[in-house]
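Dear colleague,

Please find below the structure for your review.

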Amino acid sequence: MEKKLFKMKKIKYIFLSLLALSMIACENDVVKDFRELNENDDVTLEELTVGSADFSNYVAIGASFTAGFSDGGLFKAAQERSFPQLLSEQFAFGGGGSFTQPLMDDNTGGILVGGFASGYRLVFGGEGPVPLDLFLTSQGAPVPPITTEATNNIGSNFNNFGIPGAKSFHFVTPGYAAFNPFYTRIASGPSSTVLGDALAQNPTFFTLSEVGGNDVLGYATSGGSGVDQTGNIDPSTYGSNDITDPNVFASALSTMVSALTQNGAKGVVTTVPDITSLSHFTTVPHNPVPLDAATAAALNQGYAAYNGGLQAAFAALNGTGLFTAEEVAKRTISFSEGEGNAMVIIDENLTDLGAINPAFAGIPQYRQATATDLFVLPLSSLIPQGYGTQIPLEDRWALTPEEQTAIANATSAYNATINAIADSNPNLAVADLRAVLEQASTSGYPYDEFIMNTDLVLGGLVSLDGIHLTSRGYGLMAREFLVAIDEAFGSNFIASGTTPVADILPTNYSPLLQ
């Protein structure tokens, strides 16, 4: 059986790994703006004007993207290139003040909660993403300790309130610090809210980014194992992987925008991208399994009893309309010699035959995957162990079309609310990140001399966790904010060349970065 899901790109990946090592010398460079890099070129740029916006005190509010989360972790080097940091550097040319962030204490990507460590960032291991600690151990290198302790509160006097993991209603929930270690370290008090702490900074300009993203992300990354809570307006009853009711989202966002703009501050809110276009959900194909003749025959023998049970159930129920020939064909498992064998999944949307007749209670809801199914990135390491062949995939590994529809419907509702709130408030602009991701996932999206896409590792936009952005991706995100600001408030950041420069923003951090 094929052992390397990423085999076809292995040589390119090794090249990238070597390139990452060469980048370590420039990882401490200060990000310059376009005007500085071109000051000796024969380029005529407009003088910067800021229009009606006041950037003297910029505050960013959001979740992991706002924090600078990348490669599966939050670490200092990536935070220093977060999109709010990059924006603040451009705002500085138009009267913007200082911008402070609650930087982590190291570059491990992990955090300590009461002395217990959670996670290391991902690095490129030659064939795909691996946790930093496992990679260093495999190389015989020392593993740096995780040193950022969540319970060590460092105060709330910051400009960046990016809280990884926060859903829309969490920003306005008193006491959220008790549930989120990233907010624990900067909360002003045990009953404070993220919104309240941000307002205490008296912002003259703000960004609200990816609000709504986490309201569907947990459901997606868990393979739809949560509950679509549409119709339930009590978020205190939600599980961590549930989809937030659109009315709950609308209430939270409206509260945030009203509070932030009440004294005349202007800001930008983003649309919610269609997250299933990210490489976390598109890298693993539905049919990645190559088989030799003997293995295919053994698998077919193993599923023979299951296939026979389907036929027996159909014979008993034929004519009732409860179990059709089309569903029998859909559920029949068959493997063959060669490439392209589809994985077996458990699909709760299939007919529960045991509920019709207890005699068929032992027939599981199996089917082979199709191109309409999506699979989460962590599954890639389990396929060589027989997951998807000998071991049918549980719900947490796959997003069926029905689960994708639930995500899409919620996302669409959130975006309708975002656009409606922005249309009714002249102090609010919209950066359409949904459209950016849609183009990046199809034809690619231009950023300076690069065409960014959502391919894992090679696409330049999405980091090694398949969800969050690379530092260059955050640079593109900052530029899209500037486009929205220019259009809404009469500034000319783009025309004046006051934007983050793509080629000095890394797409890969070395495992040697500590």
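The second largest cavity has a volume of about 90 Å³. Its lining consists of Ala67, Leu74, Gln79, Pro102, Met104, Asn160, Gly162, Ile163, Pro164, Phe182, Arg185 and Ile186. By class, these are eight nonpolar, three polar and one charged; Ala, Val, Leu, Ile, Met, Phe, Trp, Tyr, Cys and Pro count as nonpolar, Asp, Glu, Lys and Arg as charged, and the others, Gly among them, as polar. Cavities and pockets are found on a 1 Å grid over the protein atoms alone: a cavity is a set of points where a 1.4 Å probe fits but cannot get out, a pocket is an open set with protein on both sides within 12 Å along at least five of seven lines, and lining residues have an atom within 4 Å of a point. Grid points are joined across faces, edges and corners, and a volume is the space filled by probe spheres set on the points.

The model is predicted: local features need pLDDT of at least 70 and side-chain atom pairs count only at pLDDT 80 or more, while totals for chains, interfaces and linings use all residues. Residues are numbered from 1 along each chain as its sequence is written, and side-chain values use heavy atoms, with hydrogens and water left out.

The structure holds four cavities of 30 Å³ or more. The largest cavity has a volume of about 330 Å³. It is lined by 21 residues, with Phe65, Pro273, Leu433, Ile467 and Leu469 the closest to its centre. Helices H3 (64–67), H9, H17 (433–440) and H18 each supply at least two lining residues; helices (H or I, at least four residues) and strands (E, at least two) are DSSP runs, numbered from the N terminus. This lining comprises 15 nonpolar, five polar and one charged residues.

The largest pocket contains about 890 Å³ of space. Of its 33 lining residues, Phe69, Gly72, Asp465, Ile467 and His468 lie nearest the centre. Strand S5 (129–131) and helix H9 (214–221) each contribute at least two residues to that lining, and H9 provides the largest share, four residues. The pocket lining has 14 nonpolar, 17 polar and two charged residues.

Turning to helix packing, the axes of H9 and H16 (residues 401–423) come within 10 Å and cross at roughly 175°; axes are lines fitted to C-alpha atoms, for helices over the stretch in contact, and angles run from 0 to 180 degrees between N-to-C directions. H9 and H16 are therefore roughly antiparallel, given that angles under 35 degrees count as roughly parallel, over 145 as roughly antiparallel, 65 to 115 as roughly perpendicular and the rest as oblique. Asp215, Val216, Tyr219 and Ala220 of H9 meet Glu403, Ala406, Ile407, Ala410, Thr411 and Tyr414 of H16, where contact means heavy atoms within 4.5 Å.

H16 also packs with H10 (residues 246–261), at an angle of about 30° with the axes 10 Å apart, which makes H10 roughly parallel to H16. From H10, Pro246, Phe249, Ala250, Leu253, Ser254 and Val257 meet Ala413, Tyr414, Thr417, Ile418 and Ile421 in H16. That contact has nine nonpolar, two polar and no charged residues.

Finally, H5 (residues 83–91) and H18 (residues 471–489) pack at about 50°, their axes 8 Å apart, and are therefore oblique to each other.

Yours sincerely
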